[in-house]
Amino acid sequence: MSRIGKLPITIPSGITFTHSKEKGRVSIKGPKGELHQAVDPDFVIKNENGTVTIERPTEQKRHKAMHGLYRALIQNMIEGVSKGYKSQMELVGVGYKANAQSNVLELSLGYSHNVFLAVPSEIKVTAFQEKGGNPTIVLEGIDKQLIGQVAAKIKSLRKVEPYKGKGIRFTGEYVRRKAGKAAAK
């Protein structure tokens with residue numbers, strides 16, 4: 001049995017959990033917003049006394065694979081609508097800059113032209129630079145999957161290179177550095 005899937009999920013106060021078996025959809029509403037997730041109608045989702053449990057119908061490989069996934073998705077949705085998610089990234093490199101206006105992120109990453117990235121309206125993006133520090137980009141929202149996807153897209157614009165450590169990285173991320181040509185002698 002799935003170790004993750006069999007764990008119960010506690011629903012904090014102020015969160016509304018609804019499950020429609022006919023539509024195969026779970027909706028969670030909280031103080032920060034509302035999220036929806038499609039769920040296989042074969043799965044049994046029980047909401048009793050402020051806890052949600054998910055039971056799989058059979059021991060098929062497909063059902064085993066989806067059991068823990070659905071539990072994790074519902075847990076992330078509950079946490080998102082109650083607390084929200086935040087991802088912080090920094091630009092390491094000489095001349096690298098970030099500027100956010102409404103939901104358009106303008107990045108100067110050492111290319112011949114600036115890169116403009118439209119961020120989905122569900123995510124709030126801010127960019128700032130403290131004196132003597134690296135430019136920082138902060139993504140905030142309720143959908144963990146969407147924040148991760150946008151953060152991955154931003155990181156792919158200038159991947160961290162291992163020799164000088166330049167590029168876009170998460171705040172606090174460790175980058176393994178390589179020795180250059182001088183170390184080979």
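1. Two strands count as paired if DSSP finds at least two bridges between them. The model discussed here is predicted. In it, β11 and strand β12 (residues 135–141) are antiparallel partners joined over six bridges. Within this pairing, Q129 lies opposite P135 of β12.

2. These strands belong to an open sheet of four, ordered β11-β12-β7-β13 and paired antiparallel. β11 (124–129) and β13 (167–170) are the edge strands; each has a single partner, so one side of each is without a neighbour in the sheet. On average, neighbouring strands here are turned by 25 degrees against each other, direction ignored.

3. The largest nonpolar core holds 22 residues, and L91, L105, L107, I137, L139 and I154 have the most contacts inside it. Two or more residues each come from β7 (85–92), β9 (104–108), β10 (115–118), β12 and α2 (144–157). The biggest contribution is that of α2, with six residues.

4. Helix α1 covers residues 61–82, 22 residues in total, and spans 33 Å from its first C-alpha to its last, close to the expected 32 Å. Just after α1, G84 adopts a positive phi of about 90 degrees.

Notes:
Residues are numbered from 1 along each chain as its sequence is written. This is a predicted model: local features need pLDDT of at least 70, side-chain atom pairs count only at pLDDT 80 or more; totals for chains, interfaces and linings use all residues. Side-chain values use heavy atoms; hydrogens and water are left out. The expected span of a helix is 1.5 Å times one less than its number of residues. Axes are lines fitted to C-alpha atoms, for helices over the stretch in contact, and angles run from 0 to 180 degrees between N-to-C directions. A nonpolar core is a set of buried Ala, Val, Leu, Ile, Met, Phe, Trp, Tyr and Cys residues joined through side-chain atoms within 4.5 Å. Buried means under 20% relative accessible area, exposed over 50%, partly exposed in between (1.4 Å probe, protein chains only).
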